Structures are given as structure tokens and as C-alpha cells.
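Trainee: Could we go through this one slowly? I'd like to learn how to read it piece by piece.

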Number of protein chains: 2
Amino acid sequence: MTNVSNILELINNRIESIELKKPPVELYEPIRYTLQLGGKRMRPALCLMACDMFGGDIHGALDVATGIEIFHNFTLLHDDIMDKAPLRRGKKTVHSKWNANVAILSGDTMMALAYEYVMKAPPDVRSEVFANFNKTAIEVCEGQQYDMNFETGDAVTLDDYMDMIRLKTAVLLAASLKIGALVAGASQKNADLIYLFGEAAGIAFQLKDDLLDAFGDDEKFGKIKGGDIIANKKTFLYLKALDLADSNTQKQLKDIFQAEFSEPGDKVSLVLAIYEKLNMRSITENEMAGYYSRALAALESLDVDETKKAGLKSMAADIIERKF
Amino acid sequence: MTNVSNILELINNRIESIELKKPPVELYEPIRYTLQLGGKRMRPALCLMACDMFGGDIHGALDVATGIEIFHNFTLLHDDIMDKAPLRRGKKTVHSKWNANVAILSGDTMMALAYEYVMKAPPDVRSEVFANFNKTAIEVCEGQQYDMNFETGDAVTLDDYMDMIRLKTAVLLAASLKIGALVAGASQKNADLIYLFGEAAGIAFQLKDDLLDAFGDDEKFGKIKGGDIIANKKTFLYLKALDLADSNTQKQLKDIFQAEFSEPGDKVSLVLAIYEKLNMRSITENEMAGYYSRALAALESLDVDETKKAGLKSMAADIIERKF
């Protein structure tokens, strides 16, 4: 079995080998900058791990995995324009380092580049890989749209939210795994099961993100505690709290979210007090555990030698626990 | 032979059949709006005409042609954000009717949709069609970047300009024809020749655009005469005039371009006087004619029955003369 650090090295070398020092530099330099910012390369790693698990040659999936990573970075680039985010991975975002036009157009070019690499899939699975990738690309756009809608909409339900995180985050993780499996020539049944594994694990991953924002260890997580609360984000914790609370507490929570605070920390404390009262930490942990065990069940039912599942199983655990 | 109006009906019906009345409406409604704005459907028409000329079944190329039209409309949508254009085809642009975020994200989704349709090409030519389409998509982005660079850059040469219009306009027309030919099973030599035809005709088409802006009949052309001059656009006429002028006239032309005018019409008159003096109308017409005859030479050398070339030949003439 190939280990994760070998896989990451392969991926990073492949990404670095993309020829981007060419004219027009105004177009290609922001792409090079974006791909160099790093990130965990989680999606291409999952793609290669799945390919390996099903006995495929990971070199045959490397270009496709690279295409998926380019696509993911393209979505971050465009999302950062829409969110007016000044920083990404501690560095200036493209639209703040250059400008929005540069970010739009170099993003568009990255999307075309992503397709170029995805279409380097072996000929016998190329159309199927493409179909899965493209469906997912559209779903990720839909997820981003729902996320933007939720910022202004009041009538967001927990179901809406779960569907949004599925589209925005989970389906690309799931498709990365499925595509790796397809390149390895896995059966349709196994490919679908590994997708379900990724989808459920991806939702658990996002729930952990929501949880850490409220109850995480600041330094370890590297984000401001309560950032979602300050930004009035309708997370799992907020929406589930509204579902569980009595009408008084509901009103209180909504009022705090709508109010202006001179000290954002005060707002965070007030909301956290309600979350504590409603036991939101363990409720969210339970919800996460539910998705995680669904993921593991899908992995268990894969028709693959048990020993081969170990790598992906431990990687999924690491991803969800933010150790990857 | 299939006639153009049949082809246009086929294309419009296919575009209307795309299911876009679905959630999230904030994402799909702007796409529907954009595709409904119309336009001449020049690129898909060329694709089907080429397919027909080489004896292919145009129904086999219809989805690919639709994908090309979706891609073209996506580029207009994103270009309009970058250019801050309030109107497109007399209607509000997406970013002014909704907002820039909506325009970015629905554009991204259109790009994925374009790939979906392009990849409906018949399986035996799918990879080749994709490769040609994707290369072109990247070139169109490069062309748009050069166009933006030219707005601020001073050292733009005529060669730079010709390359920019080739990338921004001509290559997609050329690729539309080539892809139609590939679907019909044309030989590589014929496919390359039809590409050259489209590329040269596309450059002639853009030169005509530059010419009409300065010397066109306002009402017929439907744009403000001298719009390029008012916007300080470095067109063929401007750059060629600088090449041909003596140093005094060069300075005069540059000064007029840089100056502020309370009456834009005064600026147009002054520039046109210089263009007249330098004989720019007939010089541009000669340049156009040169590209047009290159296009026709490529068409002549196609290994196809002469009678079959008539449709495309007359369509190309109509496009360049703005009768299409």
C-alpha cells in the first residue's frame, strides 16, 4: 500500500510541474500563486487513496486528482471574491492582491485547466470520470449559491443547511474518492459505496468545523473562536438550537444574532451560553458521530480486502479530527 | 443541404429545451435570462454548417454546438462584469440586473453546463472535440486578458492587437467549424483547413467591427459611431494610423486620445479627420480583404465537393458584412 506522504509528494510535484510561467502573466501568475498557497491537498489525496485501495495504479489517477485540486482552488478563488475575503491560508487572496477582474478571469482559466487535467483520465473511464466530475462541479456551484442565499434569508431550515453543506463540501470529497475508484476499475457498486462514504464523512467534517468554531481550541484550530457567531452564520449549532429551544430562548437567540455589539466577544459569550444550556456540544458531536458511522458502514460494505480499507479509514478519522 | 434558418431553429429549440427552471432559482434564472437574450447563434450555426458540409448528421453535432453557444454566452456574462457594461443586446446585463456575485457564480455554472453539452459529442470523436474546445476556451480567456491589458498599457503594437483579436474572437469561430467537421468525421487535413478558414474570417469580422465603429452607418450598425474612439480603445485603425503617421500626426493622435473632451463628438471628429487623412478606411478594407481571401483560399483547398462549399461561403460573407 502506498502511504499518504508519498501520495502528497506525488501530488505536489505534479501541481508544481504545471507550466504557468507564460504570457499573459497577468492571467497565469495569479493561478500559480493560488496553487502554491498550499492547502492539505485532501481531495487529490482521497482520489489516489481510493484508486490504490481498489488495486489501481495511482499514476493513472494523478492527473485527474490534480484536476480536482485545481477545480477546488478555483472555487476558493471565486468564493473569496464573493465573500470579499482578504486572506486565504494567511496570504492575500487574489482579488485583494490583484483585483476582482483578475480573480474572475484567472479563476475561469483555472476551471478550464481543471477540465484539461480531469480529461487526462485513462480513455476507458474518461467519459464516466468526466460525468461524475461535471455533475459535482455544478453541485458545488449550487451549494455556494445556497450558502449565499442563507446569509440574507431568514427562513433557513436545518434540512436546507444540511443539503447546503452536502453540496458545498461533501460531494467533491465523495466524487474525488469515486473517481479514484473508477480509474482503478472498481465495480459500480463499490464506486457508489465509496461515494457514500465520502459524502457522509464530508458532512461530519463540516459539522466538526461548525463545532470547533464554537467550542474549539483557538490556537489549534487557527481561527477566531466564535467567528461564525460574529458573522451571523447560520450553522448547524444555530439552526439546531432554534429547533430545540423553547420560544423564549428562540427569541433570545434570534435577537442576539440580529443585535449590534460594540464588543463582538460579548455576542459570542451570550450565544455560547445558550448553546451550553441547550447542550449543543454533545448534540453536535452525536450528529457528527451518526454521519461518521454511516461513512464507516459504507466502507465496511465495500467488496475489498479488509486490510486495504485501513489506510482510508485512518485518513478519514484524521481529516474529521483535523489531524490531516 | 440544410439551410441556415432550419439550423437556427434547431439550435434555438435545443437551447430552450435546457431545463433551467429549477432551484436554486438565484443561480439558474440568470442563466435562463442570458441564453434567452438571443444573439445570432453564429458559432453553433457555423458548427452545424461545417458538420453538414462534410456529410455529417447535424443532429449528432447539435449538443456540442449548444455547448459552444453556452460557453460563448458565459464569456459575455463574465466580460460584462469586468467591463462594467450595463447593457447587452439592449437588455440589462446579469451583474446590473442582479449583482456581481450572481453574475460570477451563474457564469461559472454556465461554464460547467457548456462542458456538459460539449461532452455529448459522439463517443468516437469526444476526446478530440473536448481537446479542441478546451484549448480554445483557454485561448479566449487569454484574449480577454490581453484586451484588458491593452486598456492600461501604452506599448501596444499592431501585432499584439492582431493576436488579441485572434484569441478573443477568431479562435472560437474557427473551433466551432472544426468541431463540426470532426463530428462529421472529416479528415484531419480538412478539419485544420476549415479552422484556418474560420480564423481568418474571424479576424476579418473583427476588423469590420473596428471599421464600422469609425465609418459605419449608425442606425444600421446599432452602436454609437466612434464609441471605440470615445472609450480610447486601441483598435486596428488607431494602431495602424500610429504606424503610418509622421511623428507630428502621431503626437496629435495620441494627444487627442489622452485629452478630456466636454463634447465626446468633438473628439470623434478630430480623430476621424486624422483617419481620413491617413486613408484608414481603405487601408482597413484592404487588410480585411486580405484576411477574407486567405479564408476563401482555405475553403477552396478543402477536399469537398465544390457545391457543398456554397452555403458556408455565403454565410461567411454575410457574417463579415453584418447581414447574418
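Mentor: Let us begin with a term: helices (H or I, at least four residues) and strands (E, at least two) are DSSP runs, numbered from the N terminus. Counted in that way, chain A has 16 helices and 2 strands.

Trainee: What is the radius of gyration of chain A, and what does the globule rule give for 324 residues?

Mentor: The radius of gyration, taken over C-alpha atoms, is compared with a globule rule of 2.2 Å times the number of residues to the power 0.38. For chain A the radius is 20 Å, close to the 20 Å that the rule gives for 324 residues, so chain A is as compact as a globular protein of that length. Taken along the principal axes, its C-alpha atoms fill a box of roughly 60 × 50 × 35 Å.

Trainee: Before we go on, what kind of model is this, and how are things numbered?

Mentor: This is a predicted model, in which local features need pLDDT of at least 70 and side-chain atom pairs count only at pLDDT 80 or more, while totals for chains, interfaces and linings use all residues. Residues are numbered from 1 along each chain as its sequence is written, chains are lettered from A and ligands numbered from 1 in the order in which they are written, and side-chain values use heavy atoms, with hydrogens and water left out.

Trainee: OK, what share of chain A counts as buried?

Mentor: Buried means under 20% relative accessible area, exposed means over 50%, and partly exposed is in between (1.4 Å probe, protein chains only). By that rule, 58% of the 324 residues of chain A are buried.

Trainee: Can you give me an example? Is Phe133(A) buried or exposed?

Mentor: Phe133(A), which is part of helix H7 (residues 126–152) of chain A, is buried, with a relative accessible area of 1%. Leaving out residues up to four places away in sequence, Phe133(A) touches Ile68(A), Phe71(A), Ala114(A), Tyr115(A), Val118(A) and Ile179(A). Ile68(A) is 65 residues from Phe133(A) along the chain, yet their C-alpha atoms are separated by 8.0 Å.

Trainee: Switching to chain B, how does it relate to chain A?

Mentor: Copies are superposed by least squares on the C-alpha atoms of residues with pLDDT of at least 70 in both. A rotation of 180° with 0.0 Å of shift along its axis places chain A on chain B, with an RMSD of 0.0 Å. The two copies are thus related as by a two-fold rotation axis. The same surface serves both copies, since 97% of the contact residues of chain A recur in chain B.

Trainee: Where is Gly67(B), and what does it touch?

Mentor: Gly67(B) is found in helix H4 (residues 58–82) of chain B and is buried, at 0% relative accessible area. Apart from residues up to four places away in sequence, Gly67(B) touches Ala114(B), Tyr117(B) and Val118(B).

Trainee: And what about Leu244(B), where is that?

Mentor: Leu244(B) lies in helix H12 (residues 236–244) of chain B, and at 42% relative accessibility it counts as partly exposed. Not counting residues up to four places away in sequence, Leu244(B) touches Leu278(B), Met280(B) and Ile283(B).

Trainee: Now the backbone. Which peptide bond in chain A is cis, for instance?

Mentor: The bond from Pro23(A) to Pro24(A) is cis, with omega near -5°, and Pro24(A) sits in the loop between helix H1 (4–16) and helix H2 (25–36) of chain A. In chain B, a cis peptide bond likewise joins Pro23(B) and Pro24(B), where omega is about -5°.

Trainee: What is phi for Asn279(B)?

Mentor: Phi of Asn279(B) is near 65°, a positive value in a residue other than glycine. Asn279(B) is in the loop between helix H14 (264–277) and helix H15 (280–300) of chain B and is partly exposed, at 45% relative accessibility. For Arg322(A), phi is near 60°, also positive in a residue other than glycine, and Arg322(A) belongs to the segment after helix H16 (306–320) of chain A.

Technical notes
Contact means heavy atoms within 4.5 Å.
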